[in-house]
Amino acid sequence: MHRQGRVEVVTIEVGAKLLRIANIYGATGGHVSEEAAMQTDHLMGVLRDELETQPRIPTLIMGDLNEYVINNSSNSFFSSLGMRETITEKHGIPGPATTRSNKSRQAVDGIWATQGIYVAACGYLPFCQHIPS
């Protein structure tokens, strides 16, 4: 089931304001398979449709797209929603690879935010690193 991808959108209250948080998990192998990339593009369309039917409020999208996040398709999609990729914006480079099978070591995950959301810190670790608990 998860190999096909999934999308979830929730709205929460933060103080007296609303914040929309979405998670998109792209189809497995989107960075190497055209069919999987097309399925991920379909999920992104579903997400766009959902966001367009809702009131405009500050929005964060966490995405494990399973396709390279710094490509024309991803950039066009998030730009059309008025969003920017916060990891690249904050650190000057995309995040690390998060799976051993990603031989190119290019980011397939990202965190996007609408304008007006201030990002004090953001990031994630590569697949081979962890924070001790």
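**Cores, rings and a pocket**

Ile 24 touches Arg 6, Val 7, Leu 43, Met 44, Leu 47, Ile 61, Met 62, Gly 63, Asp 64 and Leu 65, leaving aside residues up to four places away in sequence; contact here means heavy atoms within 4.5 Å. The model is predicted, so to speak of local features takes a pLDDT of at least 70, and side-chain atom pairs count only at pLDDT 80 or more, while totals for chains, interfaces and linings use all residues. Residue numbers start from 1 along each chain as its sequence is written, and side-chain values use heavy atoms, with hydrogens and water left out.

Ile 24 also belongs to the largest nonpolar core, which has 15 residues; Ile 24, Leu 47, Ile 61, Phe 78 and Trp 112 are the ones touching the most other members. Such a core is a set of buried Ala, Val, Leu, Ile, Met, Phe, Trp, Tyr and Cys residues joined through side-chain atoms within 4.5 Å, where buried means under 20% relative accessible area (1.4 Å probe, protein chains only). At least two residues of this core come from each of β2 (17–25), α1 (34–52) and α2 (72–80); helices (H or I, at least four residues) and strands (E, at least two) are DSSP runs, numbered from the N terminus. The largest share, four residues, is supplied by α1. Another core lies apart from this one, with eight residues, including Ile 111, Ile 117, Val 119 and Cys 122.

Now for the rings. Two aromatic pairs turn up in a search of the whole structure. Rings of Phe, Tyr and Trp (its six-membered ring) pair if their centres lie within 6.5 Å, with planes under 30 degrees apart counted as stacked, over 60 as edge-to-face and the rest as tilted. Phe 77 and Phe 78 have ring centres 4.8 Å apart and planes at 85°, so this pair is edge-to-face. Phe 78 and Trp 112, by contrast, are stacked, at 3.9 Å centre to centre and 5° between the planes. Phe 78 sits in helix α2 and Trp 112 in strand β5 (residues 109–114), so their pair ties together parts 34 residues apart in sequence. Phe 77, Phe 78 and Trp 112 make up one aromatic cluster. Phe 77 counts as buried at 5% relative accessibility, and Phe 78 does at 2%; Trp 112 is buried too.

Finally, the lining of the largest pocket includes Arg 20, Leu 51, Pro 55, Ser 80 and Thr 114.

Definitions and conventions:
On a 1 Å grid over the protein atoms alone, a cavity is a set of points where a 1.4 Å probe fits but cannot get out, and a pocket is an open set with protein on both sides within 12 Å along at least five of seven lines; lining residues have an atom within 4 Å of a point. Buried means under 20% relative accessible area, exposed over 50%, partly exposed in between (1.4 Å probe, protein chains only).
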